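Mentor: Please look over the model first. We shall then go through it by question and answer.

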Amino acid sequence: MDSIMGNFSTWISAMRLRTLPLSVSGIILASFLAKHDQVFNWGICIIAILTTLGLQILSNFANDYGDGIKGTDNDDRIGPQRAIQSGKITPKQLLNAIIITVIITLFLAILLIFVAFGSEHFLLSLTFLILGIAAVVAAIKYTVGSSAFGYKGLGDVFVFIFFGLVSVIGCYVLYAKTVNFITVLPAITIGLLSTGVLNLNNMRDRISDEKSNKITLAVKLGAKKAKKYHYVLIISAIVLSILFGVMYYDSPFNFIYVVAYIPLFIHLKTVQNNVDLKLLDPELKKLALTTVLLALLMGIGQLL
C-alpha cells in the first residue's frame, strides 16, 4: 500500500498542481465577462476548465520529460526535484503518460468545440480545432525535441499567447460566438502576469539552465535585465487593468480588483530585494495565486 501511495504521490507531484490555478485564470475572467454579456453557459465553462487543465498537465509532463532526458533537471537546479530527475518515474512511463494526456485533452477539446458551436458555426469550429492542436503541439515542443522553443528564449511568447490571448479572448468566443473588444485588455493583463510567473521560474533556474544550455529569456538577459523585464511585465499588467476599469466603468465597485495590487507590489519589492535565488521559489506560487485573484476580482467587478 505504501508503494502504491508513494507512486501516486509522485505522479501528483509530476502534474505540478500549484501551476493549475494559474492556467484557468483566463477561463475564470472570460466566464465572468460572458456572464456580464448574458452569454454564459455552465457546460462550456466546465469543459473549458477541464481542457485547460489537461493542457497544463500535458505541458508539465512534457516539461519534466524534455528537461529530464536532456539533463537540464540536475543537482544544480534550485526548485523542487522533478520526476525523472528523482528516478521515481522512468522516461518511458512519462512518455506513456504524455500520450494518454494528449488523447484525453484532444477529446475534451473536441467535446468543447461541439458543445460551444454544434454544427452551426463551421469556421469557428475549424479555427478552434486548429488552436487546440496547436496548443497541444506547443505544450509538448516547449522542452521536447531538438528544436524546443523553451530552449531558445521563446517560452514567454508561448505563455503570453496561450495563457493570455487564447485563454481569455478564445474562451469568450466559445460563449458568444464572436469577438468582443472588452476582452482584449484583460487578456493582455493575464498574459503579462502569466509570463511573469514563467520569468520568475526562469530567473530562479537561470544559472543551472545556462550550464545545461537551456537558453531562456532570463539567461539571455542576465540577472539584472531579467529583473527589469519582470518589473515591466507586472507594472504593465497593473496599468492595463486600470485602463480596462476606466474604459468599461459602470460603478466604483468595478475597481474591486485593486485589492490584488497589494500582493503584487509586495511581490515586486521582494524580487527587487532578492539576493538568494532560492527565495524566488515561494514567489512563484504567490504570483500565480495573485493572478487568479486579480482575474476573479476583475470578473466580479463587472457584475457589481
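Mentor: The lining of the largest cavity comprises 16 nonpolar and nine polar residues, with no charged ones. Nonpolar covers Ala, Val, Leu, Ile, Met, Phe, Trp, Tyr, Cys and Pro; charged covers Asp, Glu, Lys and Arg; the others count as polar. This is a predicted model: local features need pLDDT of at least 70, side-chain atom pairs pLDDT 80 or more, and lining totals use all residues. Residues are numbered from 1 along each chain, and side-chain values use heavy atoms, without hydrogens or water.

Trainee: How many cavities of 30 Å³ or more does the structure hold?

Mentor: It holds one cavity of that size, 30 Å³ or more (on a 1 Å grid, points where a 1.4 Å probe fits but cannot get out; lining residues have an atom within 4 Å of a point). The space in the largest cavity is about 490 Å³.

Trainee: Which residues lie nearest its centre?

Mentor: T51, T52, L55, A135 and V166 do, out of 25 lining residues. Two or more lining residues come from each of α4, α6 (91-117), α7 (122-141) and α8 (helices are DSSP runs of H or I, at least four residues).

Trainee: Which helix gives the most to that lining?

Mentor: Helix α8 does, with eight residues.

Trainee: How do α4 and α8 pack?

Mentor: The axes of α4 (residues 42-70) and α8 (residues 155-176) come within 11 Å and cross at roughly 155°. The two helices are therefore roughly antiparallel (over 145 degrees; under 35 is roughly parallel).

Trainee: Which residues meet there?

Mentor: From α4, I44, C45, A48 and Q56 meet F163, C171, L174 and Y175 of α8 (heavy atoms within 4.5 Å). Seven residues of this contact are nonpolar, one is polar and none is charged.

Trainee: Changing topic, at what angle do α12 and α14 pack?

Mentor: Helix α12 (residues 223-247) and helix α14 (residues 280-303) pack at about 10°, their axes 12 Å apart. Helix α12 is therefore roughly parallel to α14. In this contact, H230, I234, S241 and F244 come from α12, while α14 supplies L287, M298 and Q302.

Note on methods. Axes fitted to C-alpha atoms, helices over the stretch in contact; angles between N-to-C directions. Parallel < 35°, antiparallel > 145°, perpendicular 65-115°, else oblique. 1 Å grid on protein atoms, 1.4 Å probe; cavity = no way out; pocket = protein on both sides within 12 Å on 5 of 7 lines; lining within 4 Å. Points joined across faces, edges and corners; volume = space filled by probe spheres on them.
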